[in-house]
Amino acid sequence: MSGDERRKSPRYAVDIPARLSSGGESFPAQIKDICRDAVLQESHRGLGLDAAVTLAMELPGADYPLNVIGRVIRLIRGHFLKEKPLQG
């Protein structure tokens, strides 16, 4: 069974700047795809599997950032920001 067949919810490709917080640190991230249950994000920092995270993102048309809390459930080598880091 492929990964797409196992997914509970459809994924949507996006390019949304965000801030990722974990272990008392906060750093820029870029959300690359999103669904009801998960996001794929790229960042300059690696996190460990099962790390607790807070992701703050500004969705198009929203008046304030959306903050979500979760855990790292999968690591993909090479998913790091390639452009200049966001300020903040």
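Let's start with Lys-8. Is Lys-8 buried or exposed? In this predicted model, Lys-8 has a relative accessibility of 74%. The cut-off for exposed is over 50%, so Lys-8 counts as exposed.

Where does Lys-8 sit? Look at the loop between α1, residues 3–6, and β1, residues 12–22. Now find Cys-35. Lys-8 and Cys-35 are 27 residues apart along the chain. Their C-alpha atoms are separated by 9.1 Å.

Next, the sheet. How many strands form it? Five, and the sheet is open. Read the order with me: β3-β2-β1-β4-β5. The pairing is antiparallel. Now the edges. β3, residues 39–43, stands at one edge, and β5 stands at the other. Each has a single partner strand, so one side of each is left without a neighbour in the sheet. And the twist? From one strand to the next, it averages 35 degrees.

Let's zoom in on one pair. Strand β2 covers residues 25–34. β2 pairs with β3 in the antiparallel sense, over five bridges.

How accessible is Leu-66? Its relative accessible area is 37%. Buried means under 20% and exposed means over 50%, so Leu-66 is partly exposed.

Leu-66 also belongs to a patch. Which residues form it? Leu-59, Leu-66 and Val-68. The patch is nonpolar and lies on the surface. Together, the three residues have about 190 Å² of accessible area.

Note on methods:
Residues numbered from 1 in each chain as written. Predicted model: local features only at pLDDT ≥ 70, side-chain atom pairs only at ≥ 80, totals over all residues. Heavy atoms only, no water. Patch = residues over 30% accessible without salt bridge, like charges linked within 9 Å, V, L, I, M, F, W, Y side chains within 5 Å. Areas by Shrake-Rupley, 256 points an atom, 1.4 Å probe, with all protein chains shown as cover. Salt bridge = Lys/Arg side-chain N within 4 Å of Asp/Glu carboxyl O. Buried < 20%, exposed > 50% of the residue type's maximum accessible area, 1.4 Å probe, protein only. Helix = DSSP H or I, 4+ residues; strand = E, 2+ residues; numbered from the N terminus. Pairing = 2+ DSSP bridges. Axes fitted to C-alpha atoms, helices over the stretch in contact; angles between N-to-C directions.
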